[in-house]
Amino acid sequence: MFELTNISYTYVGGVSALDDVSLRVESGRSVALTGANGCGKTTLLRILNGLIFPTKGEYRFEGTKIDKQALKDAQFAKTFHRRVGYVFQNVDSQLFCGSVEDEIAFGPRQLELSEQECRQRVDDCLALLEIEHLRTRAPYATSGGEKRKIAFASVLSLNPDALVMDEPLAGLDASTQTLIIELLKKLREAKKTLIFATHNEELVQTIADTRVRLDFGKVVDVSQST
Amino acid sequence: MHIPDNYLSVSTCAVLTAAVVPVWAHSIKKVTKDFPRERFSALGVAAAFSFLAMMFNIPLPGGTTGHAVGGVVLAVLLGPEAACLSVTIALLIQALLFGDGGILAFGANAFNIAFIMPFSGYYAFIFLRKLFGGMSKKTSGSGVSFSDYAALAIASYVGLNLAALATAVQFGIQPLLFTDEFGQALYCPYPLRVALPAMAIGHLTIFGAAEAIFSVAVYAFVAKTAPSFAANESVLVPKLSEDAPEAEPLSEDAPESESKPSSRWGAIYLLLALLIAATPLGLLAEGTAWGEWGAEEIAETIEVDGQALGYVPSAMENGFQWSAPIPDYAASGLPDWLAYVLSAIAGVAASIILFKLASAFMKDRSPV
Amino acid sequence: MQVPQWLLQEERITPPKDRDAFIRKSAAALTYVLTKARRIDERQRSRIAFSTQIKLALTLLFVLLVAASRNFAFVEIVGVALLVLLATYEQEKLARVLILPIQALIISLIILAPSLLLGQTRAFVVVPCKTFLTTTAISLLAYSTSWNRFTCAFKSFGAPDSALFIFDLTLKYVVVLGEICLETLEAVRLRSVGRNRRKAQTLGGIVGVAFLRAQKSAQEQFDAMTCRCFSGKYRRFKAPMRKIDLLGVALCLGLLSLFIYLEIAIRCSN
């Protein structure tokens, strides 16, 4: 599904974030990216989502090369972003609507689903993440854990085939962590592709098939997780 | 400077709103062109920034504090059009969510604070920078020349004071245009010769200084730290990337860098001290108006003294006792008995409110 | 690990006096804003609350009519009605709603006091009364409504969706950036135990950090929107109406007819 070949990425100013990384993720697999802070995990995830493009190397999604040119085609870009969901590390930038229900309906509405279908998806996602009571609240007026759940709900409402997550458990209390882990387990059973960067060993153990260790922008180790 | 409701006539508010609408339209058009798809997030952020900027207290020499609007520094950083829209949204939030500035007077406030201030400040800055450009080449260690800071400080001061002037004029024309048949003002009662100096005193001194300090402080910080952002396809600082492209790259300790700040800040405080010292001059420059006002005001006080003394107590009575019958100057379509019933109800309601408020305060004070 | 000796001993330095009122005042202002931002809408708590568009319409109409009225009887009648409404409130709500109007009343009395010397007695009575009423109305609206409900109300008045989006974003960033500023201010306050000679620079740093964070945030958020298939459209759910809203409409009409009746009355009496 995702295929990165000899990818490098250098930030403006010459800081190298990724150096000759190759990675293949088949559909339905789940991959954990681990490594110290600043080792290039987030950069890699951003490339996977087509937010930035590698300075060297090639990124293919289901055989289609993803670059500026490909994403200029609005139709294709929408399909691509619909299929690959991204849960940001910083939830504050991810949530931008005026109420939780609108936040969740944002994606489906961009796809021009019927209003009834949107409503259905909103209801289901609210129930799935146990946040029905937040329906009309403003996302910015909720707690950190609630924001994370809203972010998940707003991405899941697009029914993505692959879910890319940056530190999905960071800053969450124990019960919320459990809820998210349970959710990811179910998504994995449903054959969704999961790619996540994390420092959480439990998450790697329970969810990931493969662990990819990054260090200073290079893949240093790929191992099967048990 | 925010005009509350009831100080301007409804028609004045309508006229000023009509005047500011084309400015909004122009700004939206310009911003849509300059900030392509990112305009939504960029504008929202800028508006929030300008709202928060207005919440800050600015430290002034001598330990006092004052508020700044930030309209000019935003205009310099984002362009006057984006600043106009951001400040407009900030004003809307203040009026609606915080009751700061009137709702009907919203158009008037937008005219003064979101139109006059950023636009005049911006063009003053451009003009002054050109003017100073030839004179001084001394840089202050962050790629922005000292003359730029001087230009910004003066432009902020000018922008704020022009906005204050417009506000004062709007107040001042009210008694000229709107009075009842007894010559009693319906809205703001102060004529221009009172309104102008009253606004000028605060804005030529404290608020002008606060604005200048605020602008320079924010600009200095952003200019020092922005080059790295400017390279990063900046959304918010297109103007600045133009201004300081050859600035030295971001050093590790940029925010706290000690590039002779004391001399620079010393100079700015000196400038401010000069401005403050020059304030009486500014008032004198209002010329005859200021001089005359002092004398006339006194004369008038003496002139109407007897009348005023006779008048005050009854006015106080009407003002402070809600239950007072309808004042004689406001004719009414109500029968007397209804007026008395209303007074009674008002009295009861008011005392309940007072009682509740008092006990709320008692609860706060008493140790639990 | 070698801990330096001075860190293990008790410190005996009396800090010099400094005036850092600007930090305290700014922090207080921001805290005030953030508390308001987290307010939960009354409609979620109470069954008898009007929907926001009705409340907004009623408030705007009220402010407009009070400001426009030449007949003081109108101000008296609606004033009494408002007082009665206020009297039914519980203490805490009452105190919070009334802080703003009481301040406004006192300020306008002070501003207008010299006008008595000019013989302008009418303005001295009428303007503060009207100011008290209109600020009370706005304060009530703001107290009982959570911020995001305002956008819904604007929508039902036909505001374009893109404007609503910018308004929503602004509110969001007021909270997000406000939190950043407050944190930075607190950090500065906790560390300023000595004398800070470069206050303006400190302030420039705090606001500047917020500005740069804002700019980064705007970029990141645009990414997040792209990831969720943003194509330039923004829509909001409409707030459902309740039966009680009809009462609100009736109130609007009543207010309007009272105004017209009294204005005609004053014209005729002249």
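This is a predicted model: local features need pLDDT of at least 70, side-chain atom pairs count only at pLDDT 80 or more; totals for chains, interfaces and linings use all residues.
What does β3(A) pair with? One partner is strand β8, residues 193-197 of chain A, in the parallel sense over four bridges. Along that pairing, A:L33 stands opposite A:A197. Then there's strand β9, residues 210-215 of chain A, which runs parallel to β3(A) and is joined to it by four bridges. On that side, you'll find A:T34 opposite A:R213.

Staying in chain A, have a look at strand β4, residues 56-61, where A:K56 sits. Is A:K56 buried or exposed? It's exposed, because A:K56 has 12 other C-beta atoms within 10 Å, and 12 or fewer counts as exposed. Even so, A:K56 touches A:N6, A:I7 and A:S8, leaving aside residues up to four places away in sequence. And from A:K56 to A:T5, it's 9.2 Å, C-alpha to C-alpha, although they are 51 residues apart in sequence.

Next, a quick check on a helix. Helix α8 of chain A covers residues 174-189, which is 16 residues. At 1.5 Å a residue, α8(A) should span 22 Å, and its end C-alpha atoms are 23 Å apart, so that agrees. Just after α8(A) comes A:K191, with a positive phi of about 65 degrees.

That brings me to backbone angles. Most residues other than glycine have a negative phi. A:D20, which isn't a glycine, has a positive phi near 55 degrees. You'll find A:D20 in strand β2, residues 16-25 of chain A. A:D20 is partly exposed, with 13 other C-beta atoms within 10 Å.

Over in chain B, B:N6 also isn't a glycine, and its phi is positive at about 80 degrees. B:N6 lies in the segment before α1(B), the helix at 10-34. So is B:N6 buried or exposed? It's buried, because B:N6 has 30 other C-beta atoms within 10 Å.

Now for chain B as a whole. Chain B has 13 helices and two strands. Of its 368 residues, 48% are buried. If you take the contacts in chain B between residues at least 6 apart in sequence, 71% of them join residues at least 24 apart.

In soluble globular proteins, nonpolar side chains tend to be buried together. In this model, the largest nonpolar core holds 245 residues, and the ones touching the most other members are B:F49, B:L52, C:V174, C:L177 and C:A210. Which helix gives this core its largest share? That's α7 of chain B, residues 192-231, with 20 residues.

Let's zoom in on C:L177. Not counting residues up to four places away in sequence, C:L177 touches B:A48, B:F49 and B:L52 in chain B, and C:A210, C:R213 and C:A214 in chain C.

Key
Residues are numbered from 1 along each chain as its sequence is written. Chains are lettered from A and ligands numbered from 1 in the order in which they are written. A residue is buried if 20 or more other C-beta atoms lie within 10 Å of its own, exposed if 12 or fewer, and partly exposed in between; C-beta atoms are placed from the backbone. Two residues are in contact if their C-beta atoms, placed from the backbone, lie within 7 Å. The expected span of a helix is 1.5 Å times one less than its number of residues. A nonpolar core is a set of buried Ala, Val, Leu, Ile, Met, Phe, Trp, Tyr and Cys residues joined through C-beta atoms within 7 Å. Two strands pair if DSSP finds at least two bridges between them.
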